[in-house]
Amino acid sequence: MKYVEVLVVGGGPAGLCAAISAAESGAEVLLTERSSILGGQLIKQTHMFFGSEKQYAGTRGIDITDILIDKVAELNVEVMKDANVLSVYEDGVISIEQNGKYMKVRPERIIIATGASEKSLAFPNNDMPGIYGAGAVQTLMNIHGVKPGHDVLMVGAGNIGLIVSYQLMQAGVNVKAILDASPTIGGYLVHASKIRRMGVPILTRHTVKRADGNDSLERATIVELNEKWQEIPGTEKEFDVDVMCVSVGLSPLSELLFQSGCEMKYVREFGGYVPLRDSNLKTSLDHIYIAGDVGGIEEASSAMVEGHIAGLAAAMSIDKQHPAFESLYKDYQEQLDSLRAGHAGDHIRAGMAKASL
Amino acid sequence: MRIQEHPVLDFKKGKPVEFTCNDETINGFEGETIAAALHAAGIKVLSHSAENHRPRGFYCAIGNCSSCLMEVDGVANVRICTEPLKAGMVVKSQSGKGVIK
């Protein structure tokens with residue numbers, strides 16, 4: 001059995017920032033990441049970030065990853081890659097599999113930063129090869145340099161749908177149309193207008209009726225929806241596409257939290273079941289903290305800030321106080337408030353009201 | 001279908017390697033995922049579902065959804081969307097739920 005002060009599960013933006021802040025507070029940190037590279041979904045974000053400079057606005061996601069990894073390397077953080085956390089036991093012991101070896105770790109505090117997974121959409125033949133999560137296509141293109149296919153139908157006009165459509169065109173792939181079932185475009189208008197200028201129609205109030213093909217996708221049929229979100233007969237249109245990207249939201253990867261026994265709640269605004277948490281991001285269990293999308297679907301910017309808060313707070317709870325704790329803590333809370341302010345943050349604030357301890 | 005030129009990204013590739021998928025020789029680059037190499041070679045159907053035998057490809061590409069499970073070097077249920085490619089790997093479509101050896 002290995003003993004550590006703070007274990008961070010997940011090496012994405014939230015986990016990296018949690019590890020940085022906990023280590024800067026003087027805690028001995030173990031960071032586990034299931035893949036062979038740190039950075040989580042940041043490593044495929046070629047666009048420049050919004051928000052404020054404190055969350056690296058104006059910097060591309062891929063470059064933010066390097067900044068965070070360099071910081072982690074300077075600190076007292078042991079990094080375990082290719083490491084799957086398998087279980088969180090009631091007595092606080094966790095088990096990890098790495099390269100076929102099984103081991104147990106007993107941390108004083110655990111920060112779960114496992115992120116989220118892409119949702120699917122129900123329609124006939126939605127399981128056909130050629131139909132992918134939009135993030136999957138982003139991984140294929142932006143990390144591996146492989147095109148998903150020739151002609152794409154994008155389902156979902158939120159920020160991910162819009163950004164991935166733009167990135168598909170950058171990679172030389174034809175985007176035939178972007179659909180969204182809702183009457184308005186969910187993503188930022190700056191992204192939407194850029195895509196419209198490139199000649200791609202954004203069809204609101206439309207959904208996928210079915211997919212067809214011989215072994216893999218060849219054709220998608222879409223249909224218009226009325227104000228009650230019901231299909232309008234006779235409005236079907238067909239697209240010859242070999243790729244469909246489904247970008248209809250994410251759900252938190254909260255299995256480890258369920259296992260731990262902390263109090264969970266279904267919060268629609270957060271994309272699924274999430275743990276109840278206090279303002280330190282501590283769950284109903286004293287030794288378990290959360291950061292990032294696992295606590296509710298948001299943006300990478302807020303995931304990073306949450307990581308810092310959870311790292312500071314978890315370390316503080318085992319008497320490892322950051323020399324600038326007071327001012328940093330206040331600053332991070334203010335950054336979160338400002339990221340969640342205004343109309344765009346309405347649903348996050350609503351979710352937060354339901355998920356707070 | 002590999003991207004030849006990209007306005008933002010510069011793809012760092014491992015060394016070119018050969019591997020087999022269902023006895024067919026495929027070229028890829030060391031360290032990329034098996035799924036990426038197969039997709040670049042035009043292979044989208046990775047297996048068929050256990051009960052209804054429907055074709056299966058990957059869906060999430062980050063190791064969450066289990067839609068891409070294949071047998072790699074005799075080990076069943078490998079998530080090929082995250083498994084790095086090595087020279088000489090033997091990749092096979094598994095039938096049913098795979099056999100743990």
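Author: Two strands count as paired if DSSP finds at least two bridges between them. The model discussed here is predicted.

Reader: Which residue of S15(A) stands opposite A:Gly133?

Author: Strand S8 (residues 131-133) of chain A runs parallel to S15(A), and three bridges join the two. A:Gly133 belongs to this pairing, and its opposite residue in S15(A) is A:Val246.

Reader: What is the bridge partner of A:Val152 in S15(A)?

Author: Strand S9 (residues 151-155) of chain A also pairs with S15(A), in the parallel sense and over four bridges. Within S15(A), the partner of A:Val152 is A:Val243.

Reader: Which residues of strand S15 of chain A are buried on its two faces?

Author: In a regular strand the side chains alternate between the two faces of the sheet. Strand S15 (residues 243-246) of chain A is covered on both faces. On one side the buried residues are A:Val243 and A:Cys245, and on the other they are A:Met244 and A:Val246.

Reader: Is A:Gly307 buried or exposed?

Author: A:Gly307 lies in helix H7 (residues 300-316) of chain A. A residue is classed as buried if 20 or more other C-beta atoms lie within 10 Å of its own. Because A:Gly307 has 32 other C-beta atoms within 10 Å, it is buried.

Reader: Which residues does A:Gly307 touch, not counting those up to four places away in sequence?

Author: Contact requires C-beta atoms, placed from the backbone, to lie within 7 Å. On this basis, the residues touched by A:Gly307 include A:Ala113, A:Ala291 and A:Gly292. Also among them are A:Pro13, A:Ala14, A:Gly15, A:Leu16, A:Cys17, A:Ala18 and A:Ser21.

Reader: Why is chain A described as being as compact as a globular protein of its length?

Author: Chain A has nine helices and 19 strands. For 357 residues the globule rule gives a radius of gyration of 21 Å. Chain A is therefore as compact as a globular protein of that length, since its own radius of gyration is close to this value, at 21 Å.

Reader: What share of the contacts in chain A with a separation of 6 or more comes from residues 24 or more positions apart?

Author: The C-alpha atoms of chain A fill a box of roughly 65 × 45 × 35 Å along the principal axes, and 50% of its 357 residues count as buried. Among the contacts with a separation of 6 or more, residues 24 or more positions apart account for 64%.

Reader: Which are the edge strands of the open sheet in chain B?

Author: This open sheet has five strands in the order S2-S1-S7-S5-S6, with mixed pairing. An edge strand pairs on one side only, and the two that do so are strand S2 (24-29) and strand S6 (75-79) of chain B.

Reader: Which residue of S7(B) is the bridge partner of B:Glu71?

Author: Strand S5 (residues 69-72) and strand S7 (residues 90-92) of chain B pair in the antiparallel sense over two bridges. The partner of B:Glu71 in S7(B) is B:Lys92.

Reader: Which element gives the largest share of the side of chain B that touches chain A?

Author: The contact involves 29 residues of chain B and 27 residues of chain A. The elements of chain B that give two or more residues to its side are helix H1 (34-40) and strand S4 (55-56). The largest share, three residues, comes from H1(B).

Note on methods:
Residues are numbered from 1 along each chain as its sequence is written. Chains are lettered from A and ligands numbered from 1 in the order in which they are written. This is a predicted model: local features need pLDDT of at least 70, side-chain atom pairs count only at pLDDT 80 or more; totals for chains, interfaces and linings use all residues. Two residues are in contact if their C-beta atoms, placed from the backbone, lie within 7 Å. The radius of gyration is taken over C-alpha atoms; the globule rule is 2.2 Å times the number of residues to the power 0.38. A residue is buried if 20 or more other C-beta atoms lie within 10 Å of its own, exposed if 12 or fewer, and partly exposed in between; C-beta atoms are placed from the backbone.
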